[in-house]
Amino acid sequence: MAKPIQDSKFKIHNSSIAHEEHGSILSPLKALQFFARKPVTVPLEPRPAAANYRGFHLNDHEKCIGCSSCQKVCDNAAITMVKVPHLPEDPVKGIRNLRPAIDYGRCCWCALCVDICPTGSISLSREYVHTCTQEEIDSYFILPKEIGIHGVDFGLGWTKTDDSDLLDLERQPMAETAPKDRVDNFDEIVAGYTDQQAVFEASRCVQCGMCNDACPTHMDAPEYIRAIWQGDLEEAVRQIYHTNPFSHVCGRVCTHRCEDACSIGRRGEPISIRWLKRYAMDSVDHERIKAIAAEGKVDYLSGHRIAIIGAGPAGLTAAYDLVRRGHEVTVFEARSHAGGMPRYGIPEYRLPYDMMDRDIDVITSLGVKIQINTQVGVDISMEQLHGEFDAVVLAIGLHLGRSTRIPGSDHKQVRKAVDLLRMITDGKKFTPPKQAVVIGGGNVAMDIARSLARLQMQKFGDVKVTVTALEDKAHFLADPVEAKECSEEGIEIFDARGPQECIVERGKLKGLRTWKVRSIFDEQGRFSPSYDERDEQVHAGDMVIEAIGQMSDVSLLGDELTEALEWQRGRIQVDESGHSSVDWFWAAGDCVNGPDVVHAVADGHRVAASIERWLSMKTGVTV
Amino acid sequence: MTDDHTSGFEKLQSKKSLADILEVAIEFERTARDFYSGLIPKVSKQIRYLVEELTDEEQRHFDLFSELKSRSDIEQQIQVMIDTPASDQRFSDAIHLPDLGGSPDDQSVLQYALGREHAAMEQYHALAQSTPDGPVKSLFIFLANEETLHKNQLEKLYYELIHSGGV
């Protein structure tokens, strides 16, 4: 691009039209005067641009997470996301190996891409000159990096500022019951969003979809958040039910990996995706939710019968999918209520059971039969299930608690957290200890500590609960909010403490002796605690509760099926769709993939899809 | 098991040559291997992998010590192997030694294995401390290191199996 000619002697003062001038006969001779003149050239150098000029794009590839917000905001469709294979890709952490490429044939340099970028990786430089030959026309389509289009530093032009930033980095606060008002009851702590708060919170979303990538069941969160923003709550529920029939539950107790991956969280607070789901589900009439869930259900019966063992999130999600496809589904539940681990492991102040019952009611309204108080292996044998049903799904959760088996742990006042939580759920009479010591640093430990604190407050008017965890606070397994709320409710947490002995004197439990954990992981990241026995503490208590780990009770399988199945390090070996090595048998949820509600929901979908394919292949009919 | 190790201690203390000491150590590994392999058909298939892994590990030690015993440069080899001693992290000290019974669960098997490795480790350490500097002491240190390394591996497995589900 040439510099504009400014010299006044080149200006045309004559207004006559040049092509009409015939010229003089002496013109060729006049031209000879130029032979002796020094040629005039104009250098091809641009002038410096203004400080906030909108020149070519720069992108810091280290900072960019490939969220595509720039692409989505571009009205000219000038941005294409390009896969860069050597860059890291981790959906759970919210990282894609995509980077924006700019088509300067379309770009209008509006800089909306800069203003919306969640990470602040994109900016515009002060460089604006690029020329090329016809053969190099593709060079107007570039993958900007931090070095500039020509590798020359022209300085930053338009960058994100507080004034230009399109993002709202602060989430809407969630109202909660104050610690002093909640510690003597099991009422739900979280109040939920108001209509206005929900719309404000939804308006913060940039629709990048990182949440969808991270979610185990790939919930259409951008879509339901958009519907909430538009005020169409039934549409939000419809989007939610595409992937999750346990949304009252997940709207309250999901581990919300989506929020860990949310691009807004790079510089601010991630969108409250879980609370928005809760808001949508709570806002729509239950009968309407049932009607929405029934949309798309086939109007015929396939003639196939499926048995599901366990009425938790995995089993009931599989049942939901299968019944919608016309199969007859019976769920066998050993306990008195459906709900599985969330009902029998999560206290009501986090998950009110009437809200869980709504999820279950939607599923049964579609035709799923749940036989409660029916223990497979006792009330009905596995052979019967195999004989009477086409396929069997095992989704039994992790209802057995592990024990530390340290000295004194066989005392009757050393209890397992899962057993106590189940008793509390069942409303069984239970005298809380005056002083309790919990071993464990996960959410189960927090759940039992907080439940006991409530029972103590009701009975004694005081809270005396101590939690001892092997992990230090930086490696705590529990949700940080849980640990914080524990402390607010008067529960003492001792981190990096290794249990050594439950102290028993004259037959009475006196407490727990612990050593300091100096370090917890080895250089490969495997657990390898190192203890300092000089730092010993005794935590007084008349009950010690072990909340260290859980396992499945697979004895219901019987010897024959146990031998027939392939196992993978103590768990039933299944393929990626949940199908075991035995043709008619699937397994899903916590019992094969560890504890997590939304993972269990995802498992349920996978198993249902696998059974569907298997039935089609078996019968030769696409059902 | 404690009795076995006490008599093992005495047996080893009375040995004077490296080959003799290794012979006793090899016998320890053989009895452990045979114990675990005998347990394989008794436990549920669900946890059979664990007992099989323990059998393999004892077999590996058996092979290692046997190979060492057959070498002519045995003194030099032991010196190289103890250059990076393993450190005991005292995790399994508080774990009871259970009576395994006829059909033990995974935690009992691991407790038993941890207890055995710990006792063997302590025994070799004690022998090393009561032995003057020289090739015999080096051999005891090497054997103690081997048992410590195995114990550390088992401790990691113990946590992953027992302590990792409490979330």
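**Entry 1**

I began with strand β6 (residues 305-309) of chain A and found five bridges joining it to strand β7 (residues 328-332) of chain A, the two running parallel. The model is a predicted one, in which local features need pLDDT of at least 70 and side-chain atom pairs count only at pLDDT 80 or more, while totals for chains, interfaces and linings use all residues. Residues are numbered from 1 along each chain as its sequence is written, and chains are lettered from A and ligands numbered from 1 in the order in which they are written.

For the element names I noted that helices (H or I, at least four residues) and strands (E, at least two) are DSSP runs, numbered from the N terminus. Two strands are taken to pair if DSSP finds at least two bridges between them.

Thr330(A) has Lys369(A) as its bridge partner in β8(A).

**Entry 1. The five-stranded sheet of chain A**

I next traced an open sheet of five strands in chain A, with the order β11-β18-β12-β13-β14 and parallel pairing. β11 (414-416) and β14 (492-494) of chain A are at the edges with a single partner strand each, so one side of each lacks a neighbour in the sheet. Neighbouring strands are turned by 25° against each other on average, direction ignored. For angles, axes are lines fitted to C-alpha atoms, for helices over the stretch in contact, and the values run from 0 to 180 degrees between N-to-C directions.

I checked the pairs in turn. β11(A) and β18(A) run parallel and are joined by three bridges; Lys416(A) has Glu546(A) as its bridge partner in β18(A). β12(A) and β18(A) are parallel with four bridges, and there the partner of Ala436(A) in β18(A) is Met543(A). Strand β12 (residues 436-439) of chain A also pairs with strand β13 (residues 465-468) of chain A, in the parallel sense and over four bridges. In β13(A), the bridge partner of Ala436(A) is Val465(A).

Which helices lie on these strands? Helix α18 (residues 443-460) of chain A packs on the sheet and touches β12, β13 and β18 of chain A, with its direction at about 170° to that of β13(A). Helix α17 (residues 417-426) of chain A lies across β11 and β18 (543-546) of chain A and runs at about 70° to β11(A).

Are the residues of β18(A) buried or exposed? I found both faces covered, with Met543(A) and Ile545(A) buried on one side and Val544(A) and Glu546(A) buried on the other. Buried requires 20 or more other C-beta atoms within 10 Å of a residue's own, exposed 12 or fewer, and partly exposed lies in between, with C-beta atoms placed from the backbone.

**Entry 2. Gly442(A)**

I found Gly442(A) in the loop between β12 and α18 of chain A. Gly442(A) is buried, because 25 other C-beta atoms lie within 10 Å. Gly442(A) and Glu471(A) are 29 residues apart in sequence, with 9.5 Å between them in space, C-alpha to C-alpha.

**Entry 3. Domains of chain A**

I recorded the division of chain A into domain 1 (57-142), domain 2 (186-293), domain 3 (298-398 + 560-619) and domain 4 (401-550). These bounds come from an automatic or database domain assignment. The C-alpha centres of domain 1 and domain 2 of chain A lie 29 Å apart. Their contact takes 13 residues from domain 1 of chain A and 14 residues from domain 2 of chain A. Contact here requires C-beta atoms, placed from the backbone, within 7 Å.

**Entry 4. Chain B against chain A**

How many residues of chain B are in contact with chain A? I noted 26 residues of chain B in contact with 34 residues of chain A. On the chain B side, the elements giving two or more residues are α5 (106-129) and α6 (135-163) of chain B. The largest share of that side, eight residues, comes from α6(B).

Note on methods
Two residues are in contact if their C-beta atoms, placed from the backbone, lie within 7 Å.
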